[in-house]
Amino acid sequence: MTASVFVAGKLLPETMKTLGKWDVNAYRGEENITEDELLKNTVEVDAIICPLSSPITAKVLESAKNLKIVANIGAGFDNIDVKKAQELGIAVTNTPDVSTEATAELTLGLILDVARRISEGDRLCRETPEQFKGWAPTFFLGTELSGKTLGIIGLGRIGQAVAKRAAAFGMKIIYSGHNPKEAAKEWDAEFVSQEELLEQSDVVTIHAAYNPSLKHLLNETTLKTMKSSAFLINAARGPVVEEAALIHALKTGVVAGAALDVFEFEPKIGAELGKLDNVVLTPHIGNATVETRTEMGQIAIANVEAVLAGGEPLHSVY
């Protein structure tokens with residue numbers, strides 16, 4: 001009997017073509033799938049392939065009587081009740097280690113954008129071009145990266161890829177985390193406490209793997225320890241930064257600017273953020289490249305193939 005697979009979100013056409021060996025049903029809605037939609041579509045399925053926006057709750061897992069695997073497309077898996085899945089003997093997999101280069105590239109883009117006021121300049125040229133009177137010595141000044149200190153919170157794979165790129169711009173690298181990293185020697189990166197990192201950095205970028213203890217790591221108190229000329233970059237997880245505190249810090253000059261690819265209440269973006277010129281906003285596109293999303297889809301499918309064939313998952317999260 002052919003296995004049944006439910007795809008809980010849009011995948012690239014090339015990825016969908018590789019699912020032909022199974023009986024596949026795919027969610028076609030434009031909005032993120034809801035728990036009710038999942039309950040309606042997964043009662044009989046053997047596998048679920050889902051983006052990390054899909055709420056794979058205990059209720060969904062318990063109702064899917066034949067379910068053998070949930071293959072999440074994304075490195076994170078906080079959208080899945082992993083504990084319940086483990087209790088029920090359902091494999092849960094993710095797509096680790098494929099987002100490194102794409103996310104590091106976006107991070108450097110965000111740093112350059114907010115420091116050199118690129119998006120702000122683009123808005124000026126499109127919306128109020130009359131403000132551009134021609135080149136002038138004091139007009140629209142930004143900040144160079146060369147010679148500045150980049151503080152990386154979490155020097156894992158993505159943090160290291162960011163360090164490599166930042167070093168090429170002539171930046172000094174410092175980092176915080178649980179332990180010093182051998183790889184840091186390549187860029188003469190210095191291991192410091194989080195407090196020292198916030199105090200010394202001209203740019204702070206977050207790349208720590210998220211867990212609940214990191215919620216509001218950057219808050220009213222910690223933001224005040226940063227340089228008033230510093231920029232904050234977050235392409236990791238939204239809840240690491242207390243949004244209300246950041247908005248206040250940006251409006252009052254506690255920090256010079258921020259660039260955010262993720263948001264505390266995602267997909268909702270705080271209305272106040274969009275009104276600030278010293279903020280760059282992107283819609284969670286850290287690994288949104290054709291190359292990375294293709295590979296993520298292939299990994300998810302490989303995990304499903306392994307489990308439905310009676311084997312072990314290739315990238316189990318527990």
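Entry one. I am working with a predicted model. I started at E3 and E4, and I found five bridges joining these two strands, which run parallel.

How does the chain get from E3 to E4? I traced the path and saw that it goes through helix H3, residues 58-63, and that this β-α-β crossover is right-handed.

Entry two. Next I checked the pairing of E3 with E1. Strand E1 covers residues 4-7 and strand E3 covers residues 47-51, and three bridges hold them in a parallel pair. Here Phe6 stands opposite Ile48 in E3.

I zoomed out to the whole sheet. It is open, has five strands with parallel pairing, and its order reads E2-E1-E3-E4-E5. Which strands are at the edges? They are E2 (23-26) and E5 (91-93), and each of them pairs on one side only. From one strand to the next, the twist averages 15 degrees.

Then I looked for what packs on the sheet. I found helix H11, residues 290-308, touching E1, E3, E4 and E5. The direction of H11 makes about 170 degrees with that of E4.

Last entry. Is E3 mostly covered or mostly uncovered? I noted that E3 is mostly covered, with four of its five residues buried.

How values were computed
Residues numbered from 1 in each chain as written. Predicted model: local features only at pLDDT ≥ 70, side-chain atom pairs only at ≥ 80, totals over all residues. Heavy atoms only, no water. Pairing = 2+ DSSP bridges. Axes fitted to C-alpha atoms, helices over the stretch in contact; angles between N-to-C directions. Contact = heavy atoms within 4.5 Å. Buried < 20%, exposed > 50% of the residue type's maximum accessible area, 1.4 Å probe, protein only. Right-handed = clockwise from strand over helix to strand, strands pointing away.
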